[in-house]
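Please examine the sequence and the structure below, then work through the exercises.

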Amino acid sequence: MGKQFGSLYKINGIVFFRLSPHEQKVFKGFVSEGVPNLIRRFQGSVLKVAPFFMFSYLLVNWANEKNLALSRKNPKDYENDT
């Protein structure tokens, strides 16, 4: 009837290498290569990111405490109320 979708035309001089999804090992090297790579990348970036997170946390914590302190009523203003 016609050519199939994958072979509509012929290309000379180009070689395609394909792996079948049924032949690939999905979790090959996950523990032996993936976990050490994760630890290495984490150690490399934690010193770049952690100070900003710590500064942001301390700033937000200070702002919340200051907001609570400023929004409290002064008890001495209400001593003479009956």
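**Exercise 1.** Determine which residues form a nonpolar patch on the surface.

Solution. The patch consists of Val-26, Phe-27, Phe-30, Val-31, Val-35 and Ile-39, with about 660 Å² of accessible area together. Patches of this kind take residues with over 30% relative accessible area and no salt bridge, nonpolar side chains being joined within 5 Å; a salt bridge is a side-chain nitrogen of Lys or Arg within 4 Å of a carboxyl oxygen of Asp or Glu. Areas follow the Shrake-Rupley method with a 1.4 Å probe.

This is a predicted model, in which local features need pLDDT of at least 70, side-chain atom pairs count only at pLDDT 80 or more, and totals for chains, interfaces and linings use all residues. Residues are numbered from 1 along each chain as its sequence is written, and side-chain values use heavy atoms, leaving out hydrogens and water.

**Exercise 2.** Describe the aromatic pair of the structure.

Solution. The structure holds one aromatic pair (ring centres within 6.5 Å). Phe-27 and Phe-30 form this pair, 6.0 Å centre to centre. Their planes are 80° apart, and the pair is therefore edge-to-face (over 60 degrees). Phe-27 has a relative accessible area of 66% and Phe-30 one of 52%, so both are exposed (over 50%).

**Exercise 3.** Locate Val-31 and describe the helix that holds it.

Solution. Val-31 lies in helix H1, residues 30–71; helices are DSSP runs (H or I) of at least four residues. The chain has one helix and zero strands. The end C-alpha atoms of H1, which has 42 residues, are only 53 Å apart, short of the 62 Å that a straight helix would reach at 1.5 Å a residue. H1 bends by about 50° at Val-46, the angle between axes fitted to the seven residues ending there and the seven starting there.

Methods: Helices (H or I, at least four residues) and strands (E, at least two) are DSSP runs, numbered from the N terminus. Patches are made of residues with over 30% relative accessible area and no salt bridge: like charges are joined within 9 Å, nonpolar side chains (Val, Leu, Ile, Met, Phe, Trp, Tyr) within 5 Å. Rings of Phe, Tyr and Trp (its six-membered ring) pair if their centres lie within 6.5 Å; planes under 30 degrees apart count as stacked, over 60 as edge-to-face and the rest as tilted. Buried means under 20% relative accessible area, exposed over 50%, partly exposed in between (1.4 Å probe, protein chains only). The expected span of a helix is 1.5 Å times one less than its number of residues.
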